[in-house]
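Reader: Hi! Could you walk me through this structure in plain words?

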Amino acid sequence: MVIFELIFDLFDLLISFLKLLIFLIKMLPAILVIIVIGFIILAIYRKTQRRATSDYQDSQLPENHILAKAKTPLPPSRPSSSPPPPIQEDNSLIYPDVSGLPRFHVYKLKGKNPKTNRQKTETVVAKEGTSPEIVAQKTELLPPYSLTLDPNPRTERPASEAQINFAKDINIPIPEHCSVEDMSLLIGRQTEENMTDYITPELFQFAGEQGICLSPYSSPEIGISSILNSSCEQICLEFFAYFIYCSLHGIWHITSPECSPHHAIFKDFGQDFFSNSELLETIRSLSYNNILYIRAHGKIDKRSSKNAQAFSLTCDFLNSHLPAETPSIWEKWRDCHHLPQQIQRQWRSYDKRITPLFIDHSSKSGQFQGVSGRYMTTLSTCSCPDFSRKQKPCKHMYRLAYELREKPKSSDN
């Protein structure tokens, strides 16, 4: 009897469970609709918040640049002349306009060897469109010549499928005719923290003239390192003196020794120390980080005694041969450029909307169009609300400093 009652109770419990299950099945569409509506509302709210943040940041990036989205951490602190943009979510990556740059390629030149009177092939870097006769002037080969593009260097091979897919995954736009080296550098700018601004057109062309084929998306440090490592002895020493001069005098826009009014002094340095093989070896052994440190701080990392001696020797030569210069008023801000808010202002100063209306080079001042009117800007002050509140260089002052080729030496911090 007890067993039957227990069976009936279990049967009743099973029926109740089935009724509940049937009820839940009937209500399932309504529950799914409620969940979907909740996710849609949450997504709209997050998108609105993100767009509001993005609009605020974007309203606060230079002409002839291509904008594209990127997602990576900010680069380290550095001065303000030609840096890449801040790399954060919903900020914009600035590509330089490379359409006007002369393109250098690695060619294989085939001609007659004057010593053996047999055919010989040499690898030569030359500007695109250069005739074989002009290219042959860099060699000792005799005509007849045949010139073909060398497809093997990284700067000549097209970007690999793996690179392109990875670039798409991290929202990197792919420039036209992108090479393996181009894509590698653009990806590196998103995944590394020690990439600085892009190489200047003058430095890019100077490297090409020395037989060094670089990507237009290289950093100045890559260009400097390549020239110091691969150029002839005279050019290596001459360029090193020019580089140290720029670092000491706050010149962030690295071009070439020929562009400096002190070119003759740099040339004298190369001639005076041409036979100093130890100095030359030390200069050629400088790493990317050594160059980055010198450029950012205006001094050498003294952990290497040989590097310190080379730097000191060059500084002494320059100090004894260069005329005294008056410090720039821009130097007064040297202790604040490493601050995160100032780094953001430096990046935003390259927006095409921050292009100055005019610049007076004699008074080192300019005028910018702002949201609330026109702002008068100098290297020490600006009439915009941001400078009035913070009393630190605003994006207009950083843009003016770049246009005037000013750059403060970094503080020890």
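Reader: How do strand S7 and S8 pair, and over how many bridges?
Author: Strand S7, residues 365-370, pairs with S8 in the antiparallel sense, over six bridges. Strands pair here if DSSP finds at least two bridges between them. Strands are DSSP runs of E with at least two residues, helices are runs of H or I with at least four, and both are numbered from the N terminus.

Reader: Which residue is the bridge partner of serine 365 in S8?
Author: That is threonine 378. By the way, this is a predicted model: local features need pLDDT of at least 70, side-chain atom pairs count only at pLDDT 80 or more, and totals for chains, interfaces and linings use all residues. Residues are numbered from 1 along each chain as its sequence is written, and side-chain values use heavy atoms, with hydrogens and water left out.

Reader: Good to know! What is the order of the strands in the sheet?
Author: The order is S6-S7-S8, three strands in an open sheet with antiparallel pairing. Strand S6 (358-360) and strand S8 (373-378) are the edge strands, each pairing on one side only. From one strand to the next, the twist averages 25 degrees.

Reader: Which helix packs on the sheet?
Author: Helix H14, residues 395-403, touches S6, S7 and S8. Its direction makes about 55 degrees with that of S8. Axes are lines fitted to C-alpha atoms, for helices over the stretch in contact (heavy atoms within 4.5 Å). Angles run from 0 to 180 degrees between N-to-C directions.

Reader: New topic: is leucine 101 buried or exposed?
Author: Leucine 101 is buried, because its relative accessible area is 14%. Buried means under 20%, exposed over 50%, and partly exposed in between, using a 1.4 Å probe and protein chains only. Leucine 101 sits in the loop between strand S2 (91-96) and strand S3 (104-112).

Reader: What is leucine 101 in contact with?
Author: Leaving aside neighbours within four places in sequence, leucine 101 is in contact with Pro201, Phe204 and Pro216. Glutamine 205 is 104 residues away from leucine 101 in sequence, yet their C-alpha atoms are 8.0 Å apart.

Reader: And how many residues has the largest nonpolar core?
Author: It has 62 residues, and Ile224 and Phe239 are among those with the most contacts inside it. A nonpolar core is a set of buried Ala, Val, Leu, Ile, Met, Phe, Trp, Tyr and Cys residues joined through side-chain atoms within 4.5 Å. Helix H7 (residues 233-248) gives the most to this core, with 12 residues.
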